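Here's a quick briefing for anyone meeting this structure for the first time. Have a look at it below, then read on for its aromatic rings and nonpolar cores.

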Amino acid sequence: MTMASVSATNPVQSPVRTSRISSLYLSPIKISPTSVALKSRSVASRASAVAGLAFSPLPDNVISRKNKSPPDNFSIKFLGFLALNQRLRRRGSTEFPLVTAAAAGADGREVSNKPKSFGERFPFLITGFFFFMWYFLNVIFNILNKKVYNYFPYPYFVSVIHLLVGVVYCLVSWTVGLPKRAPIDKELLLVLTPVAFCHALGHVMSNVSFAAVAVSFTHTIKALEPFFNAAASQFVLGYQIPLSLWLSLAPVVIGVSMASLTELSFNWTGFVSAMISNIAFTYRSIYSKKAMTEMDSTNVYAYISIIALFVCIPPALIIEGPKLLQHGFKDAIAQVGLYKFMSDLFLIGLFYHLYNQLATNTLERVAPLTHAVGNVLKRVFVIGFSIIVFGNKISTQTGIGTAIAIAGVAMYSLIKAKMEEEKRGR
C-alpha cells in the first residue's frame, strides 16, 4: 500500500476541513508522497487537539524507507505555508466557544452556572408570603380565641392547651421527618431556656389581657412593642438605632395613647398584662435571633414550645385548677357541648402554633425591629377584623389614634427602606 492511499483513508484526516488557500495549491500541482505524509501528520495532530482523540503519527524511519529522495523546493515552500496556516487556525479557534466548552467539559469543570431558585431570585416575595400567612392565621386565632373566652374564661389553662397542641404538632412533624429534628445539647438548652421563659410569660399575659378586655384594646396596647424592641436592640444587642427611626415611632405611641383613653372596655388587669407581654416578647425576639445561629427557626420554636409548656403548667394548676374541677369544665360543656368545646380548644391551639411558627420563620428573614413593626401592622388587621366580627364600638378619638399609629408605621417603613438602599449602594 502506498503512502498516498494511507492518508486518503485515514479516519482522522478525512473530517478535517482544509483552508481555501491550501486547496488552491493542492489542485493543480502534484505533491510528493513525503509532503503528503507530513501534511497528514500536522493535520492529524491538530484534529487530535480539537477532538480529544488519541493519534499516533507515522514514524520518520518509515517515511525514509518509503521515499529516500529529498523534497523539492516547492515542498519546502508548501510546508512553510502549512505551518503558517496552522498558526492561523490556532488563533481562530478562540472565536468558537464550542471548542472552549468541550475543553472545559473534558477537564471536569462546570461550564454553566446553576440557575437560581425562585426564592433566590425573588426573596421579597417569599418574605411577603410569610408576612401574609402570619397575619391571616393570627386573625383567625384571635377571633376563635375570644369566642372561647366568652364561655370559658380561664386564660392560664387555655395557654397550656395552646402550647400542648403545638408540642404534639412538633412531635408528629419530627416523627415523619418534616422537619428533621435537630439534636440539642446542654449548652443550647441553656440558651433556649430564657427564650422559652419569656415566650411562656408573654403568652400567658396576652391571654389574661384577651380574657379581661376587648381584643382590639389588647392589640392597641401591644402596638407599643416596637419601642421596647428598639430599646432592647440598642442597649442589649448593641445596635445603633438612628434618631430618625426613633422619631418615626413617636406617632405610634401617640396613636396608642389616644385610643386607650377612650376605650370602653378598659381595665387595669388587661392593660398591665398587655404591657408585661410587650416586654416578654421583646426579649423573646432578641434571644431567639441569637439562638438561630446554631439551629434553624423551626426546630428552635419547637424546643421553645416544649420548654414553655412545662413553665406554664404549674401556674395553671395552682391558680385555676380548683375552679376548673369545681365548675369550669361543667359550665363550658353545658353551654356549647363537649364536642364543640374540645374542637374549639384544639383549633385555637393549632392556629396559635402555626401563626407563631410563621412569625419565627419571618424573624429569621428580617431584623428584630422590622419584625416588631410588622407585628404592629398585624395588630391593625386584627383590630379591624375583631371590630367587624364582635361588633365592638369605637369612638372618634380611638379611630383617629389608630390612624396616627398606622401613619407612624408607614413613616418608619419608608425611612428604613431608604437606609437599606443606601447601604446596598455603597
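**Rings and cores at a glance**

Searching the whole structure turns up 18 aromatic pairs. Keep in mind that this is a predicted model.

**Ring pairs**

- Phe129 and Phe130 pair up edge-to-face, with 6.5 Å centre to centre and 70° between the planes.
- Phe130 counts as buried because its relative accessibility is 19%, and buried means under 20%.
- Phe131 and Tyr135 make another pair: their ring centres are 6.2 Å apart and their planes sit at 80°, so this one is edge-to-face.
- You'll find both Phe131 and Tyr135 in helix 8 (residues 123-151), where they're four residues apart, or about one turn of the helix.
- Is Phe131 buried or exposed? Phe131 is buried, and Tyr135 is too.

**A ring cluster**

- Tyr151, Phe152, Tyr154, Phe157, Phe329 and Phe341 are joined into a cluster by ring pairs.

**Nonpolar cores**

- The largest nonpolar core has 57 residues, and the ones touching the most other members are Trp134, Phe152 and Leu192.
- Which elements give two or more residues to this core? They are helix 8, helix 9 (155-176), helix 10 (186-212), helix 15 (297-319), helix 16 (321-336) and helix 17 (338-365).
- Another core, of 15 residues, lies apart from that one, and its members include Ala223, Leu224, Ile241 and Val373.
- Phe152 is a name to remember: it belongs to the ring cluster and also to the largest nonpolar core.

Technical notes
Residues are numbered from 1 along each chain as its sequence is written. This is a predicted model: local features need pLDDT of at least 70, side-chain atom pairs count only at pLDDT 80 or more; totals for chains, interfaces and linings use all residues. Side-chain values use heavy atoms; hydrogens and water are left out. Rings of Phe, Tyr and Trp (its six-membered ring) pair if their centres lie within 6.5 Å; planes under 30 degrees apart count as stacked, over 60 as edge-to-face and the rest as tilted. Buried means under 20% relative accessible area, exposed over 50%, partly exposed in between (1.4 Å probe, protein chains only). A nonpolar core is a set of buried Ala, Val, Leu, Ile, Met, Phe, Trp, Tyr and Cys residues joined through side-chain atoms within 4.5 Å.
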